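Biologist: I have not seen this structure before. Please take me through the ligand and its surroundings.

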Amino acid sequence: MSSRKQLSDLDFRHVSLYSETLINEQLYNAYSLIAKDRNLDELVFLDAGCGRGQLTRELADLVSRPEQVLGCDIDRDCIEFSRKMNPAIQYFQHDLLQPLPEQQKFDVIFLTTALAQFSHQDQQQVLNNLEACLNPGGYFFILDVNSDRTGAMFSQLKQTKEYAVIYNRKLARSLLGIKPAVMLAGRVPFLFLRLMEAIVPGRNMLQLLVVQKT
Ligand SMILES: C[S@@+](CC[C@H](N)C(=O)[O-])C[C@H]1O[C@@H](n2cnc3c(N)ncnc32)[C@H](O)[C@@H]1O
């Protein structure tokens with residue numbers, strides 16, 4: 001492997017770490033808002049389109065019982081990998097375009113970078129399927145790229161009377177979009193990158209929207 005390739009892999013890891021830090025900070029802010037009203041230990045969480053299960057493992061650390069956390073994905077390999085990483089968390093293979101088993105009910109449903117890949121119509125289908133198993137007063141945590149494809153879905157959720165907006169934050173303005181941020185990640189303190197985020201022009205790459213079913 002050339003040193004150029006090694007450097008870019010390292011840069012990528014640093015940017016990933018930086019983006020994880022940004023995202024975790026926002027998720028933590030949103031959990032804190034919910035924890036003001038609800039006991040997190042009484043809630044059941046679903047990570048819909050959980051991939052390799054990283055978020056489910058972080059959630060399981062946050063709550064007192066890992067059985068409170070479930071993850072689903074269409075990809076069997078992702079499910080098998082996730083099960084191996086933490087057998088105490090329940091994972092199931094599921095196509096989000098199909099209704100979920102009726103008996104399954106959740107208080108918090110996460111969709112992290114899982115919706116942008118669907119057309120607007122399919123995003124609606126996925127949300128309808130998930131809404132059917134969201135308990136009254138339950139929450140959707142939607143973190144996704146801030147693109148034209150997600151824009152309509154974010155606006156619609158913010159406007160509908162069936163949901164109250166609990167948290168809405170655009171983040172990662174310079175992330176990946178601005179070369180210096182990629183080069184600087186890992187070489188300067190995160191705080192400096194945060195400052196860059198605040199002052200550089202450009203579009204935020206990610207958006208976190210948390211809504212509560214009214
Ligand atoms: C970009 S990954 C995000 C994974 C994870 N949420 C994360 O943030 O790391 C998108 C995930 O959606 C899953 N996915 C794609 N289409 C799906 C569908 N119809 N039903 C369920 N999962 C699906 C993919 O298998 C993949 O794991």
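**The ligand and its pocket**

Modeller: This is a predicted model. The second largest pocket is lined by Gly 49, Cys 72, Asp 73, Ile 74, His 94, Asp 95, Leu 96, Thr 112, Thr 113, Ala 114, Gln 117 and Phe 118.

Biologist: How does the lining of the second largest pocket divide into nonpolar, polar and charged residues?

Modeller: Cys 72 and Phe 118 are among the lining residues, and Cys and Phe count as nonpolar. Asp 73 and Asp 95 also line the pocket, and Asp counts as charged. The division is five nonpolar, five polar and two charged.

Biologist: How much space lies in the second largest pocket, where the ligand sits?

Modeller: The ligand sits in the second largest pocket. The space in that pocket is about 170 Å³.

Biologist: Which residues are closest to the ligand?

Modeller: The ligand is surrounded by 13 residues. They divide into four nonpolar, six polar and three charged. The closest are Gly 49, Asp 73, Asp 95, Leu 96 and Thr 112.

Biologist: What part of the ligand's exposed area does the protein bury?

Modeller: A nitrogen atom of the ligand lies 2.7 Å from a backbone N or O atom of Gly 49, and a polar side-chain atom of Asp 95 lies 2.8 Å from a nitrogen atom of the ligand. The side chain of Thr 113 has an N or O atom 3.4 Å from an oxygen atom of the ligand. Taken alone, the ligand exposes 600 Å². Of that area, the protein buries 69%.

Conventions
Residues numbered from 1 in each chain as written. Predicted model: local features only at pLDDT ≥ 70, side-chain atom pairs only at ≥ 80, totals over all residues. Heavy atoms only, no water. Near = heavy atom within 4 Å. Polar contact = N/O pair within 3.5 Å; in protein donor to acceptor, adjacent residues only side chain to side chain. Areas by Shrake-Rupley, 256 points an atom, 1.4 Å probe, with all protein chains shown as cover. 1 Å grid on protein atoms, 1.4 Å probe; cavity = no way out; pocket = protein on both sides within 12 Å on 5 of 7 lines; lining within 4 Å. Sits in = over half its atoms within 2 Å of the grid points. Points joined across faces, edges and corners; volume = space filled by probe spheres on them.
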